[in-house]
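Let's take a walk through a protein model together, one piece at a time. Have the picture ready and turn it around as you read.

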2 protein chains.
Amino acid sequence: MLLLLEDIKVKRKPIYHIRIKATILTENMTRIVIAIGGNAILNPVKGNPEEAKQKIDETCREIAGIIDKGYDVVLTHGNGPQIGNILAMQEECGLVHPQPLDVCGAQTQGMLGYSLQQSLDNRLKRRRMDRKVITVLTQVVVDDSGSSFENPTKPIGLYYQEYRAQEMIALGTRMVKDKNGYRRVVPSPEPVQIVEDEAIKKLVSEGFTVIAAGGGGIPVIRKNGLLTGVEAVIDKDLTGSLLAASVGAELFLILTDVDKVSLNYGEDNQLELDEMTVLEAGRYIKEGHFGKGSMEPKVRSGINFVNSGGRYAIISSLEKALPALEGTAGTRIIR
Amino acid sequence: MLLLLEDIKVKRKPIYHIRIKATILTENMTRIVIAIGGNAILNPVKGNPEEAKQKIDETCREIAGIIDKGYDVVLTHGNGPQIGNILAMQEECGLVHPQPLDVCGAQTQGMLGYSLQQSLDNRLKRRRMDRKVITVLTQVVVDDSGSSFENPTKPIGLYYQEYRAQEMIALGTRMVKDKNGYRRVVPSPEPVQIVEDEAIKKLVSEGFTVIAAGGGGIPVIRKNGLLTGVEAVIDKDLTGSLLAASVGAELFLILTDVDKVSLNYGEDNQLELDEMTVLEAGRYIKEGHFGKGSMEPKVRSGINFVNSGGRYAIISSLEKALPALEGTAGTRIIR
């Protein structure tokens, strides 16, 4: 970090002095995994690519600010709208053979990893920080022992009208109906292992800012030691907590579209929380305070991270990310 | 490498002995960059995904054999058919906003990197080799000073009929006509720098097998130190030679669909070459012996690698890859 230059009285061998100082500082940096959602990326397929680029740049400006405060960041991100659009093109276009979900997920890791990496790299350069950003393609081993594969619950891709949905169901596609129509549902199994964890850890230790496990990771299972992709999607926050534990992060920061976690959300007696213990958080989940596909997995990810040895997890918004790290915003999940 | 077990008399501290031996061996391993083309991957979008998976597995079986012989491999690959299909879906489907070429390239790095990485990893495991395969998303800075951006020459994507092509040309798309119809042409500038070279080198030094710079890399330019993607594609073999030089590889192996480079290719006096010096190779290019978009850039990539300090480059087929490394097949380009 070039800021160091100001702090050091450079005499005869400036490069030597700076290197030593930089090394010591890197070791003292707080390692943190940050998970950002679709709101922080916008929809770079459906939206105007220029608008998407600008939104990504705003996100990366905040992330660069966090890195500049001395945090060693591993960044992970969602891919909902992007994988949805790839599926829509495959299903509706009929021009090419549809790819399975694991391959589509890998495509979004490439697309979003690149966009985030380039933008973050540029934001760091503007701050005169000599940090390189690297995207590591990440497979995540999922648990295929439970019921998630028998009873898929995660809706993805386009909405279909009744007649079309019935055709797809007849061909074996699992679908669910909500107020907007029918959607395909796929398994959303629990993540159990980050396949590339060693490489990610190595790169972080060497001072790289790493983007990993995008879209919750590419879902794979391991049989007789060999990996195979599966038709599933993984919750990005659950994978984020596993990633945070795997790379030995002290903190896990989940950025979403609200500043704090609330009890009785949207009701008259809504209560914003500054802090909750893992026990309290578990009780709130049981009491049904959090949306199933939205806040609940975030709180559960925070609990998982703390239970696996992490210091604490924070849930907040992109805008409040820095104050949340400083303890003046967001909701902390503690032991 | 577990093969070592047979060579070592294990007594009281077997793990200690093996570790030392393995470390020494790793340092003595020959670092090599291997470039594989579309034929080694098949078309995983248009083709049946199962067939594509099998073809990729056959390729990775050979690559694993090379690693098992003691080579430290960095693998790079083409993406012609895959990026073509993404463009076709975007152009013909009309469902989503078309992405620029750099983002499409990033998508193919994700898709193909994942497929190759998983398959290679499994092939190494079957050989009981404890080597991890990592895909690093790779941007490549291109030369935007020359004429490549003013006079784009590289045809990509779908063929269009005359009436449609005329509409596209009227909207500003550059197109060329060949015997199959009209195709879009884009710039194919020279690669000048691998943005992620440090991370790739670090991972290779740590014993990872790295997949990098897929599809010739994501094309970017650097202005005032900041990176921006550009609408271009980069020749994967030219990028391969730059990658090989950047990671300090001793050898650069280009795998294609012929076993050797030939003079007077396809004619009565066709002459297969075992070896050529960079001077001879340069002369053959001038004499027009090699196809412009096919063998010529491969020979030129070999020359570039040797001229930038590499020991030698080899051009051969996947089937002859190992004999080519042992000096009994393929065409060598030497100093």
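What follows goes from the whole assembly to its helix pairs and sheets.

## Two copies, one axis

First things first: this is a predicted model. Any two copies of a chain are related by a rotation about an axis plus a shift along it.

Which surface do the copies use to meet? They meet through the same surface, because 100% of the interface residues of chain B are also interface residues in chain A.

## Helix α5 and its partners in chain B

Find helix α5 in chain B, residues 101-126. Helix α3 of chain B, residues 49-68, packs against α5(B) at an angle of about 55°, and the two axes are 8 Å apart. On the α3(B) side, the residues in the contact include I56(B), C60(B), I63(B) and I67(B). On the α5(B) side, you'll find L116(B), L120(B) and L124(B) among them. Sorted by type, the residues of this contact come to 8 nonpolar, 3 polar and 4 charged.

Now look for helix α4 of chain B, residues 80-93, which also packs with α5(B). This time the angle is about 125°, and the axes are 9 Å apart. How do α4(B) and α5(B) lie relative to each other? They are oblique, and the crossing is right-handed. From α4(B), the contact is made by Q82(B), I83(B), I86(B), L87(B) and Q90(B). From α5(B), the residues taking part include L101(B), C104(B), M111(B) and L112(B). The contact of α4(B) with α5(B) has 7 nonpolar residues, 5 polar and no charged.

## A three-stranded sheet in chain A

Time for some strands. Strands of a sheet pair through backbone hydrogen bonds, either parallel or antiparallel. In chain A, 3 strands make an open sheet in the order β5-β7-β6, and the pairing is antiparallel. At the edges are β5 (154-160) and β6 (175-178) of chain A, each pairing on one side only. From one strand to the next, the twist averages 35°.

Zoom in on β6(A) and β7(A), the latter covering residues 181-186: they pair in the antiparallel sense over 4 bridges. Between them sits a hairpin that makes the join through 2 residues. You can trace the pairing yourself: V176(A) stands opposite R183(A), and K177(A) has Y182(A) as its bridge partner. There's a helix to spot here too. Helix α4 of chain A, residues 80-93, lies across β5 and β7 of chain A, running at about 45° to β5(A).

## A four-stranded sheet in chain B

Back in chain B, 4 strands form an open sheet in the order β8-β4-β10-β11, and here the pairing is mixed. The edge strands are β8 (191-194) and β11 (226-229) of chain B; each has a single partner strand, so one side of each is left without a neighbour in the sheet. The twist averages 45° from one strand to the next.

Look at the end of the sheet where β10(B), residues 218-223, pairs with β11(B): the sense is antiparallel, over 4 bridges. Which residue of β11(B) is the bridge partner of R222(B)? That's L227(B). Helix α8 of chain B, residues 236-246, packs on this sheet and touches β4 (139-142) and β8 of chain B. The direction of α8(B) makes about 40° with that of β8(B).

## One more helix pair, in chain A

Finally, look at helix α9 (residues 278-286) and helix α10 (residues 295-307) of chain A. Their axes come within 10 Å and cross at roughly 150°. Angles over 145 degrees count as roughly antiparallel, and α9(A) and α10(A) are therefore roughly antiparallel to each other. The crossing is left-handed.

The α9(A) side of the contact is made by V278(A), A281(A), G282(A) and I285(A). On α10(A), the contact residues include V299(A), I303(A) and V306(A). Taken by type, the contact of α9(A) with α10(A) divides into 6 nonpolar, 2 polar and 2 charged residues.

Methods:
Residues are numbered from 1 along each chain as its sequence is written. Chains are lettered from A and ligands numbered from 1 in the order in which they are written. This is a predicted model: local features need pLDDT of at least 70, side-chain atom pairs count only at pLDDT 80 or more; totals for chains, interfaces and linings use all residues. Side-chain values use heavy atoms; hydrogens and water are left out. Contact means heavy atoms within 4.5 Å. Axes are lines fitted to C-alpha atoms, for helices over the stretch in contact, and angles run from 0 to 180 degrees between N-to-C directions. Ala, Val, Leu, Ile, Met, Phe, Trp, Tyr, Cys and Pro count as nonpolar, Asp, Glu, Lys and Arg as charged, and the others, Gly among them, as polar. Two strands pair if DSSP finds at least two bridges between them. Angles under 35 degrees count as roughly parallel, over 145 as roughly antiparallel, 65 to 115 as roughly perpendicular and the rest as oblique. A crossing is left-handed if the near helix is turned anticlockwise from the far one by less than a right angle, and right-handed if clockwise.
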